[in-house]
Amino acid sequence: VMSLLWQCAIVLAVVAASAANEDFNVDCEKHSIKVTWKVSPELVEHAARLFLGHCVPSTFSVLPTGEGMATFHYNLNGCAIKKRVTGKKHIYSTSLTYRPNRKPKPAAISHHIKCVYIRPEGWIPPFLIPAYGSAEGHGGLVFHMALLNEDLTGLAKSSLFPLGSFIPIWAAVDQKDHQPLLLLLEECVAATTPELQSASLVYPIITNKGCLADGKNGNSRFLPRYHSSAILLYLQSFKFALGEEVYIHCKLVAWDPEVFDIEKKACHYIKETGEWELLDDPSQSDLCKCCDSSCKPRLKRGVDSGILRHFISSLTKLAELVSTQNSQEVTIQISMRVLIVLDFPVS
């Protein structure tokens, strides 16, 4: 059982660049890292200057030989350990150092430490950056929205974008114990205020229940999904409130992945064909034809108002029941901040 539990952890590389009498060992545990480092007698009195990242030893003991044994045992999220996600791997890296002098002076001894883990099935990155939003909806579902870097492998290091460049926006809903969910961006607008107000200057991005309107004028589009519970919007930065903080407000919907209709869809405009296309099933792209008009279900004329009210009431109760039992439709609104400029400032 233990071999199965830890088979995903691999120590990829440990590079030593120090004297020959140093010896250390690295254990990549499930949620933590343990490093034991045997140092020369000369370093024993300087044990407080031994570091894993920015952490001092958890324990330190002097061996009968006069050498010292430093043990570092810390959570992978601590000690300034850097995390990088690439392909199907999570990579954690840091340095094991002896620093007789404070920074910015270089370390006298430095070892590069790296642990690599196979990405769990269905993993969704827990983004925690300034341009990030998270909210909890009905049934305990948690929604996220964040900016990604250019190659879509991790977090964006900046929320500053030159005009015409692309802003990769990631949104997702945590699956947890629910049935499979489809994450949709129902509406998105850019505004000059952190909260939408009647006086807010706004720029429509996604309108009409899932139509990427900005893709008709620019080159914005949805990217292929890696999971139904997440969506990637490749938004081309637009000429709107240049040099000012811009807040992107989006309405997120969790829905049944097997059911699409004119109100539950993700449509983008394909300039090569001059037509709208349904992201998740191009064969059903007729659902996107309403993007140039109004995507609202039509009610037949002459229906008795009492019957209509009863029908709507029944649908409402059914929707509440379905939402409660199967979490098929849950809606939440999230916003985040970006800054669009004519060009990056010259340093």
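**Figure 1. The right-handed link of Cys290 and Cys295, with 95 degrees about the S-S bond, in a predicted model.** The sulfur atoms of Cys290 and Cys295 are 2.0 Å apart and form a disulfide. Cys290 has a relative accessibility of 12% and counts as buried. Cys295 is likewise buried, at a relative accessible area of 1%.

**Figure 2. The disulfide between Cys267 and Cys288.** The S to S distance is 2.0 Å. This link is left-handed, with -75 degrees about the S-S bond. Cys267 and Cys288 are both buried.

**Figure 3. The disulfide between Cys28 and Cys115.** Here the sulfur atoms are 1.8 Å apart. The angle about the S-S bond is -80 degrees, which makes the link of Cys28 and Cys115 left-handed. The pair connects distant parts of the chain, 87 residues apart: Cys28 belongs to strand E2 (residues 23-28) and Cys115 to strand E9 (residues 109-118). Cys28 is buried because its relative accessible area of 12% falls under 20%. For Cys115 the relative accessible area is 0%, and this residue is buried too.

**Figure 4. Disulfide pairing in the whole structure.** A search of the whole structure finds six disulfides, among them the link of Cys28 and Cys115. With the bonded cysteines of the chain numbered in sequence order, the pairing reads 1-4, 2-3, 5-7, 6-11, 8-9, 10-12.

Terms used. Residues numbered from 1 in each chain as written. Predicted model: local features only at pLDDT ≥ 70, side-chain atom pairs only at ≥ 80, totals over all residues. Heavy atoms only, no water. Disulfide = S-S within 2.5 Å. Helix = DSSP H or I, 4+ residues; strand = E, 2+ residues; numbered from the N terminus. Buried < 20%, exposed > 50% of the residue type's maximum accessible area, 1.4 Å probe, protein only.
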